[in-house]
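These are my notebook entries on one structure. I set down what I looked up, entry by entry.

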Amino acid sequence: AGDDLQARLAMIRQMVRQTGSWRGMLDFRRPDGRIGQCETLVMQLAGPQSGGARMMAIARDITERAEAQHEVTLRDRRLKALIENVLDVVLILDRHGGVSFASPSTGRVLGLDPAQVEQMAFVTLVHPDDRARIADVYRTAIDDPHLTAVIEFRVRHRLGHWLTVEAIGRSRFEDAAVGGVVVNLRDVTGRKRVEVALRAAK
């Protein structure tokens, strides 16, 4: 590790002599013994062509910021692993009903690319006859983080037919990591057909 450090410092000195400055990340040992990261700017005090070797370094400890970013990355990876194979569609909606996140299962259930859904207003997926009812429930859910709303309605599949879904939604605007209403959609089309058939058979 010592040889690697000396080689990197030599590279930095050479770059500073050639260009006048270097900016990058360096590891360092903190007073508590842990290895931290610092954002470093090294400047040559004399001009690059003057032959001077005097340099000045300014370093800022960004260990906490780097660790926080690492935790965010790990949390995102855990979330992706959890929802990747979930059969239900998981959506996060903003205050205006726009989709800010769509789980991979969106493709399996609705036939739509999740990235495409994330550019849409959720209401555009809903059957026109169900939209007013959905809007009323959504407005109530936004204002009450303790309310879990459960509702059935119809959404359009990419191929044009309508699916009946059961939606469970809860406001999570108070959670900065979510910042929206979390909606789970479950396709219950088959179940509804069975219920209709059973009623017709009576």
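Which strands do the buried residues of α5 pack against? I note before answering that the model is a predicted one. I found that these buried residues pack against β4 (89–93), β6 (148–156), β7 (162–171) and β8 (181–187).

Entry on the buried side of α5. I looked up which residues of α5 are buried, and they are Ile-134, Tyr-138, Ala-141 and Ile-142. They cover an arc of only 95 degrees around the axis, which places them on the same side of α5. I then turned to the face directed away from this buried side, and there I found the exposed residues Ala-132 and Asp-143.

Entry on a sheet. I looked up an open sheet of three strands, whose order is β1-β2-β3 and whose pairing is antiparallel. Why does one side of β1 and of β3 have no neighbour in the sheet? Both β1 (21–29) and β3 (55–61) stand at the edges with a single partner strand each, so one side of each is left without a neighbour there. I also noted that neighbouring strands of this sheet are turned against each other by 30 degrees on average, direction ignored.

Entry on one strand pair. I found that β1 and β2 (residues 35–44) run antiparallel and are joined by nine bridges. In this pairing I located Phe-28, which stands opposite Gly-36 in β2.

Note on methods. Residues numbered from 1 in each chain as written. Predicted model: local features only at pLDDT ≥ 70, side-chain atom pairs only at ≥ 80, totals over all residues. Heavy atoms only, no water. Pairing = 2+ DSSP bridges. Helix = DSSP H or I, 4+ residues; strand = E, 2+ residues; numbered from the N terminus. Axes fitted to C-alpha atoms, helices over the stretch in contact; angles between N-to-C directions. Buried < 20%, exposed > 50% of the residue type's maximum accessible area, 1.4 Å probe, protein only. Arc of directions from axis to C-beta. Contact = heavy atoms within 4.5 Å.
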